[in-house]
Structures are given as structure tokens and as C-alpha cells.
Amino acid sequence: MWSPEREAEAPAGGEPAGLLPPEWEEDEERMSFLFSAFKRSREVNSTDWDSKMGFWAPLVLSYSRRQGVVRLRLRDLQEAFQRKGSVPLGLATVLQDLLRRGELQRESDFMASVDSSWISWGVGVFLLKPLKWTLSNVLGDNKVPAEEVLVAVELLKEKAEEVYRLYQHSPLSSHPVVALSELSTLCANSCPDERTFYLVLLQLQKEKRVTVLEQNGEKIVKFARGPHAKVSPVNDVDVGVYQLMQSEQLLSRKVESLSQEAERCKEEARRACRAGKKQLALRSLKAKQRTEKRIEALHAKLDTVQGILDRIYASQTDQMVFNAYQAGVGALKLSMKDVTVEKAESLVDQIQELCDTQDEVSQTLAGGVTNGLEFDSEELEKELDILLQDTTKEPLELPDRPQSYTNSVPRISDAELEAELEKLSLSEPDLVPSSKSPKRLLEPTL
């Protein structure tokens, strides 16, 4: 847990492993230039100024993201970026430029931008800045003290979104009001220290997604019901439900403790019986019975509390459904605002009239296509029969061979083909037919 005493002893961020550029170890001349201080003004040499700023500004932001550190201090960055015993002399100027661009913000300025009445909760978590810091801001001195805490704006927004998602996917989301201690335990991995956790809550409150209240010395947080909804102030119903949930947890823990006590009494009775100590065994059994009666009474109270909570949750669901129905009715009224039965009947009549007109137009167009050329169907059928009879009597005439084909291919007589085949048979012995295999001429040689 964070404490003001340990804040001064907070270690540096450590070596920025995995994010250093290649020239960090290879280019001595380049690194010597980057580790030197900035000129007093960019106008003196804008190229050198922009080169240094383009190197260090992304490196500072990536260091914050890699380490998961929302809060940055100049001292920590100087220790993290030491190289061969040298400290970069221009980091203060880099932080000033990031502040000017809004990528970093002073922690004091960030807290002042959030309208919150619970910043003083943390028993020293949010302390007043030393007088020299306050005076430097008032007098317009833009120098960044080595111990002043700066906030990485984008990373803080991302962590706030992560905390909201953690809540939405946890059992705590069954009710919008949760204990601050339970939420802190849930976010232990996302928020490494208490101060970061409070900054995340301030960011969520700035986004109107949570509101924080102190009730009877206990801090409670209320979340918005949806990712795009705005949180409403904590009301008596929220406080009552929260108290019922706390009572349920208390009763459950008490029942579990008494159950362990009843089991212990039962074991003592068993041991006394084995040792022959009958009276001791009876006393243990009586204690067990009394404990079981207390458990039964607590179970009855627990059932009552759980029943009330179930009814409250059901009423909340009913309210959501009712609101949805109400919105649906309103939308339906708007969509049906200009629609009446009379208008619907008139529209149907107009459609029917247009369809009838279209049918008449189609019939007129179809009748006028022939232009008075009427044909007798009987005469057409007789003519068709005559054509069929003529085609059955006349032989089918094939077209003559194309002239080009007959001219290009010479005619060869059967005698010439037989003589050519005989020459082939005599010139190739394997193809000479034998008496035993008359088909040898036609078979291929393997």
C-alpha cells in the first residue's frame, strides 16, 4: 500500500529495456549530441532542436506505456535514461514541450480540473505541493522541478477504460454501487499504487462514468449503467441496496464461521466418546446443537435479505423493460403519426385503380400489334400438314462437298492404296502377316 513516507523512496522506473533505439549503443557521436542540452530557443537552430525533440519525446511516452506508469517525474526519467554515467541534459525541455502539447499534464492541474469533493480522502495521498512549485506556477516559471509529478494523459484514459471494463465483467457489476476497497482489490494489477488508482477514479469521474461518496465513514463508488451512459448521483435507494449487500456478506461470513464451529464441536464429541468421557461428549453435542440453531436463525435472516435484493433487482429489470416499452410506444406513435384507416383505404383504392388501368393499357397494346393482320387458324393447320407430307416423300439432299476441299485433296484409287500398302509390308518384315496370325499386320509391334 502506498504511503507518503514511501513516496520519497519510490524507485526509479528502471532500465527501459526493449525500447531503446539502435544508435543508443552504436553511435557515440549521435548520442553525445542527443544527451546535450537544448539551445535556449528553437529559432537558434530549429533542425537540431527538432531532431532532439523527435528522439526524446516519443521515447518518454513509450517508456511510460511500457512500464505502465501513469505518473512521471523528471528525476525518475533521468535515472532511467542514464548512459555510461551520463544523464540527458534536455529532458526538462522535453517535458515542457509535452506539457505544452497536452500529452502530459501536471498532477495538480489535473486534480484541479475535476470537480470532486473527495480528493482529501486519502490521508495524505493528495498532498499540497511545496510552496516553490506553487510560486513557480503563479509567477509563470515553466521549469519542471525534478520531483514534480506529471500525468501521461492518454495512458491515464486507457487505464480508466480498463478499470471500467474490469468492473463490467466482474461480479461487482450486479449493482452499480461498490465499496472502494473492493474496487481497489479488483484493480490491483491495473493500478500499481494507490495514487494511480485515485487518479484513474478522478479520470472516470471527469468522464461522468463514476461518482464517489463517503457514507458513514466508508467510501463507495457508483458506476454508470452502460458504457455510453452518464452516472447519476448516489441516492437513498443505492445506499440502501449497498447496505443490504454488505449485510448479506456479513451474514454469509458468520454462517461459515458457525459451521466450522459446529464441525469442531462434533469432532470434540467424537474424540471424547472414544476416550470414554461420556459427559464431555454430551456437552460437546449440546454446544453443536446450539450452534446449529444459530446457523438456522442466520440462514432465515440471510434468506430474507437475499429475497429483498432479488426483488430490488427484479424491480430494476422491470423498470428497464418499462422504459424500453415506453420508448417503443413513443417511436411507434411518431412513425404512425400521419397514418389513419381512411388514408390507408384511400391508398388501397388508388393502387387498385392504377392496376386496372395498367391491365387495360396492356390489353390495348397487345391487340394493336397485328395492325389488322388476322390469320385463320384452320388454314394455317392445313398448310402445315401439306408441308409435312412433302418432306416425307422427298429424299434428304445433302450439300455438295465444298469446292475448296475437293480441289485441295487429290483423289486416290483403291488399286493405288493396295499397292502402297504392299510396299510397306515388304519393307518392314515385322509387319508381314503369317498364316498363323492373319491379323499380325494390324497389331502394333511391342
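The model is predicted. The structure contains twelve aromatic pairs. Strand S3 (residues 149–152) pairs with S1 and with S2.

**Aromatic rings**

- A pair of aromatic rings is described by two things: the distance of the centres and the angle of the planes.
- Twelve aromatic pairs occur in the structure.
- In one of them, the ring centres of Phe38 and Trp49 are 4.9 Å apart. Their planes meet at 70°, so this pair is edge-to-face; the cut-off for that label is over 60 degrees.
- Phe38 and Trp49 are both buried.
- Ring pairs also build a cluster from Trp24, Phe35, Phe55, Trp56, Tyr63 and Phe81.

**Charges over rings**

- Lys52 lies over the face of Phe33. The distance to the ring centre is 4.9 Å.
- Arg209 places its charged end over the ring of Tyr164. Here the distance to the centre is 4.2 Å.

**Strands**

- In a regular strand, side chains alternate between the two faces of the sheet.
- Strand S3 has Val149 and Val151 pointing one way, and Leu150 and Ala152 pointing the other way. All four are buried.
- Strand S1 (residues 71–73) runs antiparallel to S3, and three bridges join them. Leu72 stands opposite Leu150 in S3.
- Strand S2 (residues 104–106) also pairs with S3 in the antiparallel sense, over three bridges. Leu104 stands opposite Ala152 in S3.

**A nonpolar surface patch**

- Leu332, Met336 and Val339 form a nonpolar patch on the surface. Together they have about 290 Å² of accessible area.
- Val339 is in the loop between helix H13 (278–335) and helix H14 (341–367).
- Val339 has 45% relative accessibility, so it counts as partly exposed.

**Positive phi angles**

- Most residues other than glycine have a negative phi.
- Lys84 has a positive phi, near 55°. Lys84 is in the loop between helix H5 (74–80) and helix H6 (91–101).
- Lys84 counts as exposed because its relative accessibility is 61%; the cut-off is over 50%.
- Lys208 also has a positive phi, near 65°. Lys208 lies in the loop between helix H11 (194–206) and strand S5 (210–215).

Notes
Residues numbered from 1 in each chain as written. Predicted model: local features only at pLDDT ≥ 70, side-chain atom pairs only at ≥ 80, totals over all residues. Heavy atoms only, no water. Phe/Tyr/Trp six-rings, centres within 6.5 Å; stacked < 30°, edge-to-face > 60°. Buried < 20%, exposed > 50% of the residue type's maximum accessible area, 1.4 Å probe, protein only. Lys NZ or Arg CZ within 6 Å of the ring centre and 35° of its normal. Helix = DSSP H or I, 4+ residues; strand = E, 2+ residues; numbered from the N terminus. Pairing = 2+ DSSP bridges. Patch = residues over 30% accessible without salt bridge, like charges linked within 9 Å, V, L, I, M, F, W, Y side chains within 5 Å. Areas by Shrake-Rupley, 256 points an atom, 1.4 Å probe, with all protein chains shown as cover. Salt bridge = Lys/Arg side-chain N within 4 Å of Asp/Glu carboxyl O.
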